[in-house]
Amino acid sequence: MPAALPFPVVWVGLVIALLAAMLMSLTLGFRLYGLDQVWQALFAFDGSETAVVISNLRLPRAVLAPLVGAGLAIAGVIVQTLSRNRIASPDTLGLNAGASLAVVVASTALGVGSLLGLSLSAALGALLTSFLVFAIAAGAGGLSPIRIVLIGVTIAGLGHSIVEIILTTNEAQLQQLLFWLSGSFVDRPMTLAQTGGPIILIGAALALVLHRALDALQADDSTATSLGVPLALVRGGSFVSVALLTGAAVSMAGPVTFVGLVVPHAARRLVGLRHARQIPAAALLGAIYATLADVAARFLIYPVEAPVGAITAVVGGVVLLVLLKRRAA
Amino acid sequence: MTDSAMDHRISVDNLSLAYGAVSVLNALSLPILKGKITVLAGPNGCGKSTLLRAIRRLHRPSGGQVRLGDVDISTLNDRMLARQIGLLAQSPSAPDDMTVEELVRLGRYPHQSMMQPWSADDAAALDRAMAGTGVDHLRKRRLGSLSGGQLQRVWIAMVLAQETDVVCLDEPVNHLDMAHQLDCLDLVRQLNADFGRTVVLVLHDLNLAARYADRLVFLRDGAIAASGTPEELMTEATIARVFDVQSMVITDPVHGRPLCIPLRTQSSTIPA
């Protein structure tokens, strides 16, 4: 059904929902805090244990989760438009697999151990994979939508296999790396947001600059070209945007899967197909989704934390099945 | 400028085009008359679609040029060209959940830029295109919910919203039933009459071509086999030469246009 709500209501509603989700992220968890304690920790830091926990452990999660969710959701919108495939996502392009592989290789072969080092490896892995997929697709005779997806799925499978082979022979490191292989916001320092945040903003800005061309790319290539869209330039720019967004997201949280697949669907239902609306709506919805998933991860197997990537994967898997069933029907 | 050059909105000059080693168009020349409907027809593989797409620069020629007025179109940038020549591709596609308005709006792409966001001009052109094609009432509908005939009207509205002097349509009635074929081509003729657009059509059906063309062009083997008015071209001899079909040509008693009744292929061994 077409969006029934007037747009101002949608936008205000999404922003309020995001703020509410971030407040939940600050207050809910193994320990419950009141809004007054959160206020005090953030704006009148007194060095108490509560204030330290809130500002060092809870605050980074409440900032990182929305950034990662927004980045992956925008990347998902672009990938689905580029591939003209509604079940494509950064995962389908093999970007998460590439990031995981880079982390495992950096850790086992190069001895990288620091969080920053591993996070940079992840970003680099996502970037390199996206350029690899792009180059193979372009070399194989053009960036046709189906080719991009087939190459991406192949690269993803290859990456996951190599990761498993390496980890099977390096059991000692499995425990340490498991954390990176399923995605999580636990124990991430604020510094990650300071490096990843600006990259997310650049990627999002690039996507927004391309919004009209992306609208036209939803039609077939002949139509888009007749409208005056420089196809190669727009596809290249879109790929850079996806690589920046996914690379930065993975560097902050590891592979949080299925966000990029599910959220664009919700965004389109809410605001339609024009990218000037679809991109901001997906960013807000993705931010809300990732933040709520992170809160849910704290209670799913309480008192132990579940990896947030497992939650988004379960929810995403169910949504994917529903989408596929509807398409088949 | 001479008078004849003024009348030629587009000139195709010695155009050659090849897919790899396979030559598709061979040094083909053709004037497209301003404000007229030109129909390209010919047997399968004759190069008619390729010629239409070359006129819109979707294919790069290996030799010769296409001129718009006095300008070689290969020197125009993407946006400038898209403001002059519109093309409705053969079997175009867009997402099923896109609304009619979202699709028709795409026609305004070449008129917008970062510095020129959606303007009152764009909104007016959108309204004109939807009203002109009679799809205004479908504005909020999803493409997936439309009938084939409605969908084709919406696509024509999108090309119309582009507000180009020249409109190219590649087999626009291919998958439509008889009623919608007539409906669609009547619409094209009305737009040509009301807005003075120069129209270039590729049509498969010879009788539809003869009915709607001001000027008919027959292609065969990448070259122009014949061109002229439908009356000049629709002769039994010419149709036999271009299509390898023996036919009888009569005058359509209703429209006064030539009508071809195909009898048998020239290579046929089955007795008629």
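**Close-up views of a predicted two-chain model**

View 1. Helix H10 (residues 236–243) of chain B lies across E9 and E10 of chain B. H10(B) runs at about 160 degrees to E10(B). Helices (H or I, at least four residues) and strands (E, at least two) are DSSP runs, numbered from the N terminus. Lying across rests on contact: two residues are in contact if their C-beta atoms, placed from the backbone, lie within 7 Å. Axes are lines fitted to C-alpha atoms, for helices over the stretch in contact, and angles run from 0 to 180 degrees between N-to-C directions. This is a predicted model, in which local features need pLDDT of at least 70, side-chain atom pairs count only at pLDDT 80 or more, and totals for chains, interfaces and linings use all residues. Residues are numbered from 1 along each chain as its sequence is written, while chains are lettered from A and ligands numbered from 1 in the order in which they are written.

**View 2. Six strands of chain B form an open sheet.** The strand order is E6-E7-E8-E3-E9-E10, with mixed pairing. Two strands pair if DSSP finds at least two bridges between them. E6 and E10 of chain B stand at the edges with a single partner strand each, so one side of each has no neighbour in the sheet. Neighbouring strands are turned by 20 degrees against each other on average, direction ignored.

**View 3. Strands E3 and E8 of chain B pair in parallel.** E3 (residues 37–41) and E8 (residues 198–202) of chain B share four bridges in the parallel sense. B:Val39 stands opposite B:Leu201 in E8(B).

**View 4. Chain B touches chain A.** Here 23 residues of chain B are in contact with 20 residues of chain A. On the chain B side, helix H3 (78–84), strand E6 (85–88) and helix H4 (100–106) each supply at least two residues. H3(B) gives the largest share, four residues.

**View 5. A:Leu292 sits in helix H13 of chain A.** This helix spans residues 275–299. A:Leu292 counts as buried because it has 21 C-beta neighbours inside 10 Å. The cut-offs are 20 or more other C-beta atoms within 10 Å for buried, 12 or fewer for exposed, and in between for partly exposed, with C-beta atoms placed from the backbone. A:Leu292 and A:Gly316 are 24 residues apart in sequence and 14 Å apart in space, C-alpha to C-alpha.
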